[in-house]
Structure formats: structure tokens, C-alpha cells
Amino acid sequence: MSVRIEASTVDDLLNKALQHLFAKGEPRKATRGDFCEVIGPTFVLTNPRARLSRSESRSKVFSAIGELFWYLSKANELDYIDWFVPDKYQNESADKKTVRSGYGNRLFNWRGIDQVQNVIDLLSRKPSSRQAVIQIIDADDVDSEEDAIPCTCTLQFLLRDGQLHLLVSMRSNDTYLGFPHDIFAFTMLQELIARTLNVELGTYLHTVGSFHLYDKHIEGAGEYLREGFQNIVPMAPMPMGDPWNGIKEILEFEAGVRVDPFAEIPAMDPYWADICRLLAIYSLTKLRPAGALAACEQIAGAITNKAYGMFIDARVSKLRDSNV
Ligand code: 5HM
């Protein structure tokens, strides 16, 4: 029943995953919409830095970064993610303030436990431990009245031969939207923890209970497969050293750039400064104040990592077409 699909880039994985679904998927019905499904596949991404999918050329990289920093904000505020993914999470929030299925508080502050710090501490003390597990879904989610509960079950970190591997278990994963976003966020967390432990980044493994494609995404998925392959540049390695002060600085910058899209890019390592530049371009292209296009072009010119080029072009060209 279950298959193992291995590739070095997320696009190769997505491509093989969609072909597998089209060949073997069983049609199913659910309240969220009809879908086709395969059960139990495992995906292996041998180069977790090749985490940006061409499927994200429709500006999805900004929602992937938004989701990552939403988790890193250590909370599950609706306002935070609604900025990056308008409307979707509105439907996932019962109180219109928080999102139960969000991972920020579950990763960093779950009943007062910082699960990320626990894993870092455990692997620092006992590098070969088999106990470095973060639990996301919880017993009381399963009998919750709310429709939206986490799709991720656990994240297990294994440090072997100086490399930090991550094994993620998901109960449910939507191939078209959820899968590339989840891989982006989890491989970034894997690299953040590897840097904290001063070890190499290993392999990323992702196992899914129900791996599915909604009927409403079949056309988009077909287009994606027909687009053919492009050479996607992997993200650069994260700078060496403890990354958490940099993350804190980006979170502060992110809060400011929503209000003032012309906020100055902080002086940081180019890797992190590029993330700030992407956040600034997102804010400028979303709010579209006078002078936005010139500011975007100037910021885009300063980006050091070429991996982001196609995503920026896609977003800035829309702004150019609207003459702001
Ligand atoms: O009925 P269920 O709770 O599985 O529906 C949630 C939908 O969101 C599914 O299509 C699931 O695969 C998708 N999803 C995802 O792919 C949701 C989350 C949020 O936890 C996620 N990835 N991270």
C-alpha cells in the first residue's frame, strides 16, 4: 500500500507525488470537498535546502515564509497569518482571534513546555538519543468540536554521524497547498536546530496517513506538471552560529514592516537580511503605497540569494502592470 518516494528537490518530490496520485489515487468524499487519496506514502528529501518549489512561483513563497515566522512567533494569532494568507485561516478559527490548528504555541509553548528547546537540550546532552520528539496533535484535538485540528502528529530529530535528520509524521496532507508549505517550514526548523547544535543538515523524511489532492486543484496540478522542469536554485546554507537572535530581530522587523512598508532593512547577515527584504517586498506589493514599485526594485536589486529571483519577479511584475 505505502510507497517511498525519494528526490533531491521538493519539485522532483511534488512531481513524483502528483504522478503517483494520478496513477493510484482512490476517489473519496469529504466535507472539505471531493478528493483522491493514497495512503501512507513516505517522501524523502535528500537536500532539504532545495525546499522552494516552482509551484510557489505564484507568489506562494511569501505564504511559506509567513507560515514559518507565524510558527516562530511562538503563538497562533489569526491576525499574524491572515496578513500572509488572507481568508483561508479565517475559516479555520472558531473565535476569530486564534487558530487551534496552528503550530507556534504547540512547538514553543505547549502547556508551558518549549518543545523545540527540549529537543535542543536533549540532543546536546545525549546526541544519539531516540527520544527527541516534538508532539503537535494532542489527545484533546481528536474529540474537539472544532473542524480544524493539526495535521502534523510528530517531528522526530535524529542526530547521526554529525547530521541532523528530521522525520515528520502527518495524519493528513493536501498535496497541492499543504505539502510544499509544510516541507518548507519543517526543513527550515530542521536547519535552525542543526545550526543551534552546530551540526550538519541531514535528510528530511515526511510520512503521511492520507495524502490527497482535492478535485478543485486537479487543473492547477495538471498545469504544474505540464510546466516542465526549471533549474531551481537551492537556498543558501543558513549562517553558522546560534540563529535565534536573528529570528527575534526578523519578527520585530516583520511587525514594523506591516505598518511601514518602507521600513529600513536591518543590518544582519545577508541570509537573514534577504528574508527581511522578502517581507518588505510582500508588504509593499500588498499595501501598494505611492513609490512602492521603485522601492521594490531597489530592494530586489539588493537581494543576495538568487533562489528568490523568480518569486520576487512574479510579485513585482503584477505591481508594475498596475503602475503603482
Ligand atoms: O479533515 P482534515 O482535518 O484532515 O482537513 C485538513 C486539510 O488541511 C487537509 O486537506 C490537510 O491535508 C490540510 N492541511 C495540510 O495539508 C492542513 C494543515 C494544518 O495543520 C497542514 N497541512 N499543515
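A polar contact is a pair of N or O atoms within 3.5 Å; within protein, one must be able to donate a hydrogen and the other to accept it, and residues adjacent in sequence count only if both atoms are side-chain atoms. The model is predicted, so local features need pLDDT of at least 70 and side-chain atom pairs pLDDT 80 or more, while totals for chains, interfaces and linings use all residues. Residues are numbered from 1 along each chain as its sequence is written, and side-chain values use heavy atoms, without hydrogens and water.

Which side chain has an N or O atom 2.8 Å from an oxygen atom of the ligand? That side chain belongs to Arg32. A polar backbone atom of Cys151 lies 3.0 Å from a ligand oxygen, and a polar side-chain atom of Asp182 is 2.8 Å from a ligand nitrogen. The protein buries 80% of the 500 Å² that the ligand exposes when taken alone (accessible areas by the Shrake-Rupley method with a 1.4 Å probe; for residues, only the protein chains shown count as cover).

The shell around the ligand consists of 13 residues, each with a heavy atom within 4 Å. Tyr103, Arg171, Asp182, His212 and Tyr214 come nearest. By class, the shell holds 5 nonpolar, 4 polar and 4 charged residues (Ala, Val, Leu, Ile, Met, Phe, Trp, Tyr, Cys and Pro count as nonpolar, Asp, Glu, Lys and Arg as charged, the others, Gly among them, as polar).

Finally, the whole structure contains 14 aromatic pairs, meaning rings of Phe, Tyr and Trp (its six-membered ring) with centres within 6.5 Å; planes under 30 degrees apart are stacked, over 60 edge-to-face, the rest tilted. Phe108 and Trp244 form an edge-to-face pair, at 6.1 Å between centres and 75 degrees between planes.
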